[in-house]
Amino acid sequence: MLFSGVVQAQTAPSTSATAAVPAPKRQLQALRITELVKLDGQLDEAVWQQAPIATDFIQNRPNPGIPEKQKTEVRVLYDDANIYIGAVLHDVSPDSIMRELSPRDDAGNTDFFGVFFDTYHDKINGYSFIVTTGGVQMDARYSPAGGEDFNWNAVWDSRTSLRGTDWVAEMRIPYSAIRFSKSPEQLWGLNFMRRRKRDNQDFFWNEVKPAVDGFVNQWGELQGLRDIQPPLRLSLTPYISGYVNHYPYNEQGTRNSNTSFNGGADVKWGINESFTLDATLVPDFGQVQSDNQVLNLSPFEVQYNENRQFFTEGTELFNKGNLFYSRRVGATPIGFGSVDNQLRKGEMDQDGKRRPGEAVVSNPGVTRLLNATKVSGRTKQGLGVGVFNALSNDVYATLRDSVDGRQREVLTQPFSNYNIVVLDQSLKNNSYVSLINTNVTRAGTTYDANVTGGLFRFANKKNSYALDGRLVYSRRRGQQFGSKEQIDDQNGYKYQVGLSKISGNFTWQLGQGIESDTYNPNDLGILFGNNNISQYLNVSYNKYKPFWKVNNLYTWGSLNHSLLYKPTRYQSANVAAGFNTTFTKNFLTVGANVDANPVTNDYYEPRQYPLGDYYVRVPANANVDGFASSDYRKKLAWDVGAGVRWYAEDDRLARPRRMGYGWSVSPRYRVNNQLNFRYALDWNLRQNQIGYVNGDLSFSQPLDTAIIRQFGGNVLLRKAPVDVLLGRRRVLTVTNTLSGAYTFNNRMSLTIRMRHYTSTVSYADFVRLGKDGRETLVDYRRNRDNTFNAFNVDAVYAWWFAPGSQVSIVWKNASSSFLEANEATPLYFSNLNNTMNTPHNNNLSIKILYYLDYLMVKRRLT
């Protein structure tokens with residue numbers, strides 16, 4: 001986050017008794033105007049000189065509490081439609097003003113100026129509008145649930161200019177970009193921020209103390225806003241897009257290339273002063289950044305980032321309690337993986353000839369949304385209300401008979417409705433109570449799911465202590481998809497409660513929680529293992545003021561203990577600690593972490609349910625890792641990290657000690673203020689890891705059938721074995737990522753990102769896992785080595801040709817391969833060569849968005 005050290009709960013930088021007391025709130029009077037203000041970054045209209053001045057900013061980092069030397073002067077004007085911000089930022093010389101260009105919402109290596117509004121003055125929720133010296137815009141929303149959310153984008157305008165040794169920022173923010181009450185006289189929370197990148201200094205007009213918990217509650221006040229009315233907030237953003245896709249099938253009857261054209265729109269309607277409806281009709285997410293695919297050897301799914309703007313923008317209410325994983329909406333169909341089981345198999349005719357079976361023609365991996373709508377807002381009493389709803393249509397796989405060519409369709413995803421309702425009441429002292437309900441309803445006989453959660457946080461008047469907690473109930477009803485078998489986890493619950501000291505040099509958090517064995521929020525959320533009882537203690541001691549040769553010091557420590565909930569059995573324990581600091585002269589940031597774990601019982605790795613009988617015993621182990629990051633103001637900067645995990649020897653079987661190693665290096669080079677490059681190399685090796693054999697045992701593999709019988713299975717009845725096959729393996733993973741960006745101006749940029757990922761698994765020997773963690777070596781001969789390669793290129797040209805309107809041209813190149821047995825190779829360059837020679841999918845698209853604001857159109861027509 002841009003202000004990660006500011007927005008999050010903060011701790012004291014000094015021993016002063018006043019360090020944890022909020023600074024007095026400054027006030028600034030806004031000046032109403034009737035004449036037009038030309039937005040040109042000059043501030044040469046006489047009205048600017050009539051407005052009161054906000055100045056004498058206070059440093060927040062690296063030395064909190066120090067008055068600024070190079071003065072900043074800010075004025076605020078307003079009329080019936082807009083609020084205007086004019087700032088003159090003095091400096092010592094033009095060369096002292098850093099001004100790298102970057103894409104929207106990217107600060108880059110540059111100075112910037114920002115304004116912050118708390119329009120309901122609830123001291124919890126707010127907006128920021130930021131502009132760099134090069135005119136690049138950034139905007140964000142602030143809330144307890146979302147923290148600092150730069151995915152939020154508003155439509156506003158700004159201009160900047162250099163004026164001798166100063167630079168000037170001028171902003172025009174329409175009332176349609178924010179929400180506020182209808183009160184005749186308004187009182188808003190207000191703050192201004194300045195970054196002087198040359199000295200890595202941040203300043204705020206109303207002092208933001210690192211000793212005080214919270215961010216929005218430390219802003220000043222904007223007075224004098226009278227007789228302004230929330231406007232009709234109605235905008236339409238239609239789009240058209242076209243795609244050309246090429247994949248070298250090189251098969252008769254199958255085209256290598258295809259094209260598609262799409263159209264739709266996003267609608268934004270301000271229902272009233274508090275609430276806004278956002279809807280996307282026939283959405284098109286084809287231009288979002290490619291996922292970072294990985295080889296998943298764990299018992300849990302991979303959580304991918306959300307890159308679709310509709311699901312990242314303005315969703316802070318829906319993310320309360322972490323019950324909403326937006327990738328579930330429009331995700332892989334629930335029956336995607338079972339299509340092969342519905343194929344008519346090949347068979348022998350009476351004449352002894354083999355008759356081929358069916359083959360899969362198409363099996364869509366994504367569910368196309370029909371629409372998605374969200375209504376959200378907050379009343380002047382502090383009640384936040386959010387309603388989200390999305391609809392997806394039926395999805396079918398197409399199967400073709402290999403003999404007569406007839407095709408049939410198999411349902412893989414029924415028509416589905418996704419719904420979320422959130423009520424969030426803001427209270428004093430950064431406190432709140434919340435109620436969240438998520439629901440998935442599917443057509444037909446398959447199951448539906450519902451999750452309801454209550455959350456609270458109560459802080460004392462001094463914001464020095466807080467009590468927080470949650471209680472969540474999950475409910476699922478119906479049959480498994482494609483089966484008559486009833487869902488077996490119909491009711492489940494989760495609770496967590498914690499007590500924290502949130503102010504002062506020394507802070508701590510003590511908590512306990514339970515997830516029942518049937519708790520399952522996965523239909524619209526994400527779960528990494530239930531059936532847990534956990535206890536934790538987190539402590540930290542931080543110093544924010546410079547001392548010795550460093551600017552600050554952050555330290556932390558933790559104790560964790562976990563039990564299986566049902567049956568109640570020991571799982572794990574952990575002790576960990578770490579620190580990081582930044583040196584004063586060269587702004588080199590360094591840090592290190594250590595942790596230690598006694599013997600752990602992993603009940604999830606065997607994939608045997610219900611949990612309790614089978615577990616993988618992990619020997620005691622300890623880890624140490626560290627990192628260093630140089631000064632990003634330099635043309636050439638770098639990040640490096642390295643770590644090692646050491647395991648005790650296994651006292652049950654004579655086998656080599658487990659070890660884990662990893663290192664990374666990431667240099668970045670700024671050619672000039674428009675062009676930059678970054679490279680990242682991550683290398684990770686896990687030796688003698690013991691884990692579930694990925695791919696499991698197969699009834700169709702002759703070398704597997706003997707093991708299946710030996711482990712208590714039945715090959716003829718296709719009955720799964722009772723015991724589990726584990727393997728001792730070497731896992732080597734290498735990721736290379738190269739990115740570059742050329743920014744033509746503050747509205748036009750070209751970015752390219754290339755990523756190659758390879759992970760190779762080499763098995764040495766195998767064991768039979770019985771109940772209570774018993775392991776016995778077995779003679780298993782099938783080659784289970786495998787290698788996964790993934791390659792992606794994302795090249796994006798973006799041009800904001802008008803506020804809220806954009807043309808984007810995107811080229812994507814993607815390929816992946818999964819090699820098994822003798823084809824798998826641990827050699828990196830062999831994998832790279834294989835990746836380059838694997839058929840690639842190439843996709844070229846163009847998308848045009850045009851922002852239409854009702855008030856703007858009305859003014860032009862009258």
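This note comments on the cavities, nonpolar cores and strand pairings of a predicted model.

1. Basis. The model is predicted, so local features need pLDDT of at least 70 and side-chain atom pairs count only at pLDDT 80 or more, whereas totals for chains, interfaces and linings use all residues. Residues are numbered from 1 along each chain as its sequence is written, and side-chain values use heavy atoms, with hydrogens and water left out.

2. Four cavities of 30 Å³ or more are counted; a cavity is a set of points on a 1 Å grid over the protein atoms alone where a 1.4 Å probe fits but cannot get out. Grid points are joined across faces, edges and corners, and a volume is the space filled by probe spheres set on the points. The largest cavity holds about 180 Å³. It is lined by 16 residues, of which Tyr120, Asn125, Tyr127, Arg141 and Arg378 are the closest to its centre; a lining residue has an atom within 4 Å of a point. At least two lining residues come from each of strands S7 (126–132), S8 (137–143) and S21 (369–378), strands being DSSP runs (E, at least two residues) numbered from the N terminus. The lining comprises four nonpolar, six polar and six charged residues. In this classification Ala, Val, Leu, Ile, Met, Phe, Trp, Tyr, Cys and Pro are nonpolar, Asp, Glu, Lys and Arg are charged, and the others, Gly among them, are polar.

3. Second largest cavity. This cavity has a volume of about 50 Å³. Its lining consists of Pro619, Ala648, Glu649, Asp650, Arg655, Pro656, Arg657, Arg658, Asn688 and Ile690. Four of these residues are nonpolar, one is polar and five are charged.

4. Nonpolar cores. The largest nonpolar core contains 37 residues, and Ile83, Phe113, Phe117, Phe129 and Phe192 touch the most other members. Two or more residues each are contributed by S4 (72–78), S5 (82–90), S6 (112–118), S7, S11 (166–174), S12 (185–196) and S14 (220–226). Another core lies apart from it, with 23 residues, among them Phe311, Val329, Tyr418 and Tyr519. A core here is a set of buried Ala, Val, Leu, Ile, Met, Phe, Trp, Tyr and Cys residues joined through side-chain atoms within 4.5 Å; buried means under 20% relative accessible area, exposed over 50%, and partly exposed in between (1.4 Å probe, protein chains only).

5. Surroundings of Phe117. Neighbours within four places in sequence aside, the contacts of Phe117 (heavy atoms within 4.5 Å) include Ile83, Ile85, Asn125, Tyr127, Phe129, Ile173, Trp188 and Leu222. Of these, Ile83 and Phe129 are also listed with Phe117 among the core residues that touch the most other members, while Asn125 and Tyr127 are among the residues closest to the centre of the largest cavity.

6. Five-stranded sheet. An open sheet with mixed pairing has the strand order S2-S4-S5-S11-S10; two strands pair if DSSP finds at least two bridges between them. S2 (31–32) and S10 (157–163) are the edge strands, each with a single partner, so one side of each lacks a neighbour in the sheet. S10 and S11 run antiparallel and are joined by seven bridges, with Ser158 opposite Met171 in S11.

7. Strand S41. Of the 22 residues of S41 (724–745), 16 are buried, so the strand is largely enclosed by the rest of the structure. S40 (675–692) is antiparallel to S41 and joined to it by 16 bridges; Ile690, which also lines the second largest cavity, stands opposite Arg728 in S41. S41 also pairs with S42 (748–769) in the antiparallel sense, over 21 bridges, and Leu726 stands opposite Val767 in S42. A hairpin through two residues joins S41 to S42.

8. Thr776. This residue belongs to S43 (775–778). Its relative accessibility of 47% makes Thr776 partly exposed. Beyond four places in sequence, Thr776 touches Phe766, Val767 and Arg768.

9. Strand S23. Five of the seven residues of S23 (395–401) are buried, so S23 is largely enclosed by the rest of the structure. S20 (358–362) runs antiparallel to S23 with four bridges, and Ala359 stands opposite Arg400. Six bridges join S23 to S24 (407–413), again antiparallel, with Val395 bridged to Gln413. Five residues separate S23 and S24 in their hairpin, where Gly405 has a positive phi near 80°.

Key:
1 Å grid on protein atoms, 1.4 Å probe; cavity = no way out; pocket = protein on both sides within 12 Å on 5 of 7 lines; lining within 4 Å.
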